[in-house]
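Colleague: I am new to reading protein models. Could you show me how to go about it?

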Amino acid sequence: MADVDLTPTKAVADAAAKGLELRKAHKRGGTQVGVARARDLSARKSLSEETVQRMFSYFARHKVDKRAANFGDDDNPSAGYVAWLLWGGDAGKAWAEAVRKKLKAQGG
């Protein structure tokens, strides 16, 4: 929809960039799809409505990852924490939910 901004916020971009850094440093977390998503998010590329929906779905499926040991530990992160960040972290979850809600309100 033309009047819904599909550009990730700076907070989303920063979380994705952090995820890429942690993945490189600790050699774990995320899939190639997650890495690709993080690259787009960290570059603040405008996303498609379908991609925002995939983000929403990812967070819905992976909220259980937040219960893992070392979730949120930057020194020894769980693979799930790294993956969560690759998708934009908590900021990405909130952003995807807000954008999805706006799209649905417009019939998208």
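Colleague: Is threonine 51 buried or exposed, and why?

Modeller: This is a predicted model. Residues under 20% relative accessible area count as buried. Threonine 51 has 8% relative accessibility, so threonine 51 counts as buried. Threonine 51 lies in helix 3. Its side chain makes a polar contact of 2.9 Å with the side chain of arginine 54.

Colleague: Which residues of helix 5 are buried?

Modeller: Start with the general idea. An α-helix has 3.6 residues a turn, so residues three or four places apart point the same way. Now the case here. Gly89, Gly92, Trp95, Ala96, Val99 and Leu103 are buried in helix 5. They cover an arc of only 100° around the axis, which puts them on the same side of helix 5. The face turned away from that buried side carries the exposed residues Lys101 and Ala105.

Colleague: What do the buried residues of helix 5 pack against?

Modeller: They pack against helix 1 (10-26), helix 3 (49-62) and helix 4 (79-86).

Colleague: How do helix 1 and helix 4 pack?

Modeller: Two packed helices are described by the angle between their axes and the distance between the axes. For helix 1 and helix 4, the angle is about 140° and the axes are 7 Å apart. Helix 1 passes helix 4 in a left-handed crossing.

Colleague: Which residues meet there?

Modeller: Helix 1 brings residues including Ala15, Gly19 and Leu22. Tyr81, Val82, Leu85 and Leu86 meet them from helix 4.

How values were computed
Residues numbered from 1 in each chain as written. Predicted model: local features only at pLDDT ≥ 70, side-chain atom pairs only at ≥ 80, totals over all residues. Heavy atoms only, no water. Buried < 20%, exposed > 50% of the residue type's maximum accessible area, 1.4 Å probe, protein only. Helix = DSSP H or I, 4+ residues; strand = E, 2+ residues; numbered from the N terminus. Arc of directions from axis to C-beta. Contact = heavy atoms within 4.5 Å. Polar contact = N/O pair within 3.5 Å; in protein donor to acceptor, adjacent residues only side chain to side chain. Axes fitted to C-alpha atoms, helices over the stretch in contact; angles between N-to-C directions. Left-handed = near helix turned anticlockwise from the far one by under 90°.
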